[in-house]
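Here is a short briefing for a reader who is meeting this protein for the first time. Please look over the sequence and the model before reading on.

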Amino acid sequence: MGVAVALASRGRGRTAPNPNVGCLLVNSGRVVGRGWTQPGGRPHAEAMALAQAGIAARGATAYVTLEPCAHVSPRGPACSTSLIEAGIARVVIAITDPDPRTNGKGIESLRASGIEVTTGTAEADARRATAGFPIRQAHGRPHVTLKLATSLDGCVALANGKSRWITGPEARAHVHLERARHEAILVGRGTLEADSPRLDVRLPGLEDRAPRRILLSSYAAEGWTTIAAPEVIATLDGVDHLFVEGGAQTATAFLRADLIDRLLLYRAPVLLGGKPGLADLGLASLADAHGRWRLIDTRMLGSDRLEVYERART
């Protein structure tokens, strides 16, 4: 399932409104098919893996990050039906599809055809890999990642406003990789006027994956999609993963609205005594600040430290 999760990650930021799914087919201890949802949502991961496997799919085990779809679409057959017709013997599923058109029906169809089905394998990893789809289904908005690059004392710029560059090249390259995993990227008007950011992806081979640019402002700007408030992200068509890059007022606005699901904190080994990364979050007490964030990863990127947090929600 770990391989299927990695395959699902290949399509992240390119498959909306369909989920990015990974599928691995194994027969007699040998991988016979690999698939991940293609740009635009088709072919599905299962269809790609089955086409690669051919007759070797008969009797195989399918590892799928999301329950195979059970509804017929004008764009292709239901994946649960395709797995049955291919003679798959066993299906291991990470997460159940929250889409009411499939929710549980794909599993029922597979079991009714005599296929052994296991669910819940590596569920947490699969949810992280395809985070936008379940968030969109449950809350009607994109999954939102906030990126903060700060000094050790929590500053995002010198007192005179200069901010290039706080972090080193390795951390900045990682940010570009994150951009490639999102359909859209958002900054505030202050960042636009101060930095005129390109917000593209400058990594070899990924240049074509630059996300759509969103501006949080009450004023329109040429070449940008403008929204007036954080809550308006729910209306962004074709956006299941939104990357918020700055600046401090924009980050604060999203945090106050409790719309951040994932936090990337890049911390450079410098002290600036400059402009803080956040403004007032509206917390009434220190107790209100505790228990909101869960650390899920930390690593060194050159001399900078990356910490990844998830919003702790019920």
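Predicted model: local features only at pLDDT ≥ 70, side-chain atom pairs only at ≥ 80, totals over all residues.

Local features need pLDDT of at least 70 and side-chain atom pairs count only at pLDDT 80 or more, while totals for chains, interfaces and linings use all residues. Residues are numbered from 1 along each chain as its sequence is written, and side-chain values use heavy atoms, with hydrogens and water left out.

Overall form
- The protein has 10 helices and 15 strands, which are DSSP runs (H or I, at least four residues, for helices; E, at least two, for strands) numbered from the N terminus.
- The C-alpha atoms fill a box of roughly 65 × 40 × 40 Å along the principal axes.

Burial and contacts
- Of the 314 residues, 50% are buried, meaning under 20% relative accessible area with a 1.4 Å probe and protein chains only.
- Among contacts (heavy atoms within 4.5 Å) between residues at least 6 apart in sequence, 72% join residues at least 24 apart.

Strand S11
- In strand S11 (residues 241–246), 6 of the 6 residues are buried.
- Strand S6 (residues 143–150) pairs with S11 in the parallel sense over 4 bridges, pairing being called when DSSP finds at least two bridges between two strands, and His143 has His241 of S11 as its bridge partner.
- Strand S8 (residues 184–188) also pairs with S11 in the parallel sense over 4 bridges, with Gly246 of S11 as the bridge partner of Val187.
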